[in-house]
Amino acid sequence: MTLEYTSSEMMSVTAARALENGMTCFVGIGLPSEAANLARLTHAPDVVLIYESGTLQTKPDILPLSIGDGELCESALTTVAVPEMFRYWLQGGKVDVGFLGTAQIDRFANLNTTLIGDYKAPKVRLPGGGGAPEIATNAGEVFITLKHSKRAFVKDVDFVTTLGFGRDGKGRDNVPNIGKGPTRVITDLCVMKPDPATNELVVVSLHPGVSREDVIDATGWEVRFAEQLASTPEPSDNELEILRELKARSERAHGGE
């Protein structure tokens, strides 16, 4: 019997599948961490997970609450100083992929985790960039995962915390010593990739049961679809069981019922 699944589980499984075995991945907290650890526990046991606090090849048994969670250090191969993490590992070109979340994303995959509204009088103050700006510019490529809504997917972000392809889609043109930037965005509705000519995000795959209209209604710009639009493969029972146990284990460890 095939297990039923939620749109959030579909997103996490799809994001996990984006990671290949043996990759070195700089992991953001939240949905990226969930996806990266699911990948490690399923098809990519040799993926090397790095967190901003300096933990290398960490293998947490539970999902960390923050980069300072002791679980990361206790389960890591080693822990290095944060300056070494950024200067040697990240800026040294040793990270294949950065896996990030965000509060806002625009059509050119710029990310905003700084504020909502006008900079001088913001409606909401967000946590800020952390290591994301450096990860996005120095990792070989960037995967982004977040839930799809017009509040998150806006035509132009209120503030560019983390560079995607700039306000005009040309922010990475002719810039030396920089990674490819965002190569895919995984949401609870679809998968998007930048158009090779313009770098504007285009829907390349719809999740099962999701229509074009669903994506259009949840996107704050006139979203485009690939000519050959794929259907995202459903999660397997094994992926769902491992994901659910990981989340349940984490909830128990963090004081949940």
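Modeller: Helix H1, residues 7-17, is mostly covered, with 8 of its 11 residues buried. Buried means under 20% relative accessible area, exposed over 50%, and partly exposed in between, with a 1.4 Å probe and protein chains only. Helices (H or I, at least four residues) and strands (E, at least two) are DSSP runs, numbered from the N terminus. The model is predicted: local features need pLDDT of at least 70, side-chain atom pairs count only at pLDDT 80 or more, and totals for chains, interfaces and linings use all residues. Residues are numbered from 1 along each chain as its sequence is written, and side-chain values use heavy atoms, leaving out hydrogens and water.

The buried residues of H1 are Glu9, Met10, Met11, Ser12, Val13, Thr14, Ala15 and Ala16. They pack against helix H2 (31-41), strands E5 (97-100), E10 (141-145), E11 (182-186) and E12 (190-194), and helix H7 (237-253).

Helix H7 contains Leu240, which counts as buried because its relative accessibility is 0%. Leaving aside residues up to four places away in sequence, Leu240 touches Leu3, Glu4, Tyr5, Glu9 and Pro235; contact means heavy atoms within 4.5 Å. Glu9 is also one of the buried residues of H1. By contrast, 29 Å separates the C-alpha atoms of Leu240 and Ile135, which are 105 residues apart along the chain.
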